[in-house]
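Hello,

Here is the structure we talked about passing on. Please open it alongside this note; what I found follows below.

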Amino acid sequence: QVQLVESGGGLVQAGGSLRLSCAASGRTFSRYAVGWFRQAPGKERDFVAAISWSGGSTYYADSVKGRFTISRDNAKNTVYLQMNSLKPEESAVYYCGAARVSHSSVVVNTLDGMKYWGKGTLVTVSS
């Protein structure tokens, strides 16, 4: 069992930055690939960014490439999402998910691929 807790959300102006954290406890977190997803009111949960359990492989949604950076510190059991140049349409609840994978370089970018989820952190970007 892995428990995930997101933090770092809040209110920011358009063009601003936030850093989200996904802290894990339970089983060996370093053997899990992690993904960030977001869900705006009335919309589906969408993929944002993913990282392998080694941290050596990352993958981003086209809409956030060049602005968001995903990273992890396995010693701290934490994955981060640095978000720069935020846009109002990116206001959403941001969730992290953990996927059990068999290789250190595998990334997972699908909802179905996640075995564990956090409860989310709200990001509001004002115009």
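**Salt bridges and core**

Arg67 is buried, with 13% relative accessible area. Please keep in mind that this is a predicted model.

Arg67 pairs with Glu90 in a salt bridge, N to O at 2.5 Å. The two sit in distant parts of the chain, 23 residues apart. Arg67 is in the loop between β6 (58-60) and β7, and Glu90 is in the loop between β8 and β9. Glu90 is buried too, at 3% relative accessible area.

Glu90 has another partner. A salt bridge joins Glu90 to Arg38, with the closest N and O atoms 3.3 Å apart. Arg38 lies in strand β4, so this pair ties together parts that are 52 residues apart in sequence. Arg38 is buried, as is Glu90. Through shared partners, Arg38, Arg67 and Glu90 form one network of salt bridges.

How many salt bridges does the structure hold? There are 3. Asp62 with Lys65 is one of them, at 3.1 Å from N to O. Asp62 counts as exposed, at 65% relative accessibility. Lys65 is partly exposed, at 48%.

Now the core. The largest nonpolar core has 40 residues. Leu4, Phe29, Trp36, Leu81, Met83 and Tyr94 touch the most other members. Strands that each supply at least two residues of this core include β1 (2-7), β4 (32-39), β8 (78-83) and β9 (92-100).

Met83 deserves a look. Beyond its neighbours within four places in sequence, Met83 contacts Gly16, Ser17, Leu18, Leu20, Arg67, Phe68, Tyr94 and Val123.

Best wishes

Methods
Residues numbered from 1 in each chain as written. Predicted model: local features only at pLDDT ≥ 70, side-chain atom pairs only at ≥ 80, totals over all residues. Heavy atoms only, no water. Core = buried A, V, L, I, M, F, W, Y, C linked by side-chain atoms within 4.5 Å. Buried < 20%, exposed > 50% of the residue type's maximum accessible area, 1.4 Å probe, protein only. Helix = DSSP H or I, 4+ residues; strand = E, 2+ residues; numbered from the N terminus. Contact = heavy atoms within 4.5 Å. Salt bridge = Lys/Arg side-chain N within 4 Å of Asp/Glu carboxyl O.
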